[in-house]
Amino acid sequence: STEHKLSVAPEVDIMEYCRKEWRGDTPVAKKMRKGYEAVAQKFQSIRRVRGDNYCALRATLFQALSQATQLPSWLHSEEFTMLSENLLSKYDWIKHWQLKEQLGRKMGKISDEIKEYLILLRKKWKSISEIKGPIEKQEACDKLFKNEEEEYSLYEALKFLMLNTAIKLYNDDKNGMRVPVFSWLLFARDTSSNPCQLMHNHLNHIGHSGGLEQVEMFLLAYTLQYTIEVYRLYKYSTDEFITLYPNDPEEDWPVVTLITEDDRHYNIPVRMCQETML
């Protein structure tokens, strides 16, 4: 069965999916059905995302790549591939970064490993964004997310970029510069009062023993310079039903849309409905 190998399952009709998942008359089932109905006003289908602890990274990256038409500016910069060396030279504690488990492979220097992941991220983003046809682009994404070795390397690159963003925000705040509100919240936690703690207690666990917390969704969005729009179905009929990360996004940031029933597992809505012609 190759089904479990598929990180992002083929699309199914949203309401069909909802009826199968949420039968019965409990208040929760009713609320979920209402939530899905609201999503179905805008999207026709849903793709189920594999539910391991990389789920939020997987859903976000898959959506970003499947609609990418160009390389984001932060992937262009000269020093991008030197990031791991530069950070390790300044912050000795980064040598405790938790790399993904390599099977039967001798570990190189940590900065070389991370550099490989960053180069792979740039390469894949570039090649997929250059594909013009939507069907071909989708096929290229599906193929990438079936290749476990590459897929998990990309998540490691994203996590390291999140650490880099957190370090920048932390230093900016210390130097009296304006930082987004989520940055204060990120470092107000007992478990992450500085970037070193954030790495040890949070980032190192993502994909292993935990997923992304709410405040880390902001960090991910900020890192990618994408607005992540999330339909949070259990918040249906409250003003948190559709949540934006960050909540004051830059106007020129692209938007990716996800669906969650519980803020832990994320799926992907696809096929925007054609606006009804009046």
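**Salt bridges and helix packing**

Reply: Across the whole structure, a search finds 17 salt bridges. The model is a predicted one. One of the salt bridges joins E148 to R50, with 3.6 Å between the closest N and O atoms. E148 belongs to helix α8, whereas R50 sits in the loop between β2 (43-47) and α3 (55-66), so the pair ties together parts that are 98 residues apart in sequence.

Helix α8 also takes part in helix packing. Two packed helices are described by the angle between their axes and the distance between the axes. Helix α6 (residues 110-129) packs with helix α8 (residues 148-174) at an angle of about 105°, and their axes are 8 Å apart. That angle makes α6 roughly perpendicular to α8, because angles of 65 to 115 degrees count as roughly perpendicular. On the α6 side, the contact is made by I114, Y117, L118, L120, L121 and K124. On the α8 side, the residues are E150, S153, L154, E156, A157, L158, F160 and L161. Sorted by class, the residues of this contact comprise ten nonpolar, one polar and three charged.

Helix α6 has a further contact to consider, with helix α5 (residues 83-90). The axes of α5 and α6 cross at roughly 145° and come within 8 Å. Helix α5 contributes L83, S84, E85 and L88 to this contact, and helix α6 contributes I110, S111, I114, K115 and L118. The contact of α5 with α6 has five nonpolar, two polar and two charged residues. I114 and L118 of α6 take part in the contact with α8 and also in the contact with α5.

Another helix is linked to a feature of the surface. V181, W184 and L185 make a nonpolar surface patch of about 330 Å². Of these residues, L185 lies in helix α9 (residues 181-188).

The peptide bond from Y245 to P246 is cis, and its omega is near -10°. P246 is found in the loop between β4 (242-245) and β5 (255-260). D263 is not a glycine, yet it has a positive phi of about 65°. This residue, D263, lies in the loop between β5 and β6 (266-272).

Technical notes: Residues are numbered from 1 along each chain as its sequence is written. This is a predicted model: local features need pLDDT of at least 70, side-chain atom pairs count only at pLDDT 80 or more; totals for chains, interfaces and linings use all residues. Side-chain values use heavy atoms; hydrogens and water are left out. Axes are lines fitted to C-alpha atoms, for helices over the stretch in contact, and angles run from 0 to 180 degrees between N-to-C directions. Helices (H or I, at least four residues) and strands (E, at least two) are DSSP runs, numbered from the N terminus. Angles under 35 degrees count as roughly parallel, over 145 as roughly antiparallel, 65 to 115 as roughly perpendicular and the rest as oblique. Contact means heavy atoms within 4.5 Å. Ala, Val, Leu, Ile, Met, Phe, Trp, Tyr, Cys and Pro count as nonpolar, Asp, Glu, Lys and Arg as charged, and the others, Gly among them, as polar. Patches are made of residues with over 30% relative accessible area and no salt bridge: like charges are joined within 9 Å, nonpolar side chains (Val, Leu, Ile, Met, Phe, Trp, Tyr) within 5 Å. Accessible areas come from the Shrake-Rupley method with a 1.4 Å probe; for residues, only the protein chains shown count as cover. A salt bridge is a side-chain nitrogen of Lys or Arg within 4 Å of a carboxyl oxygen of Asp or Glu.
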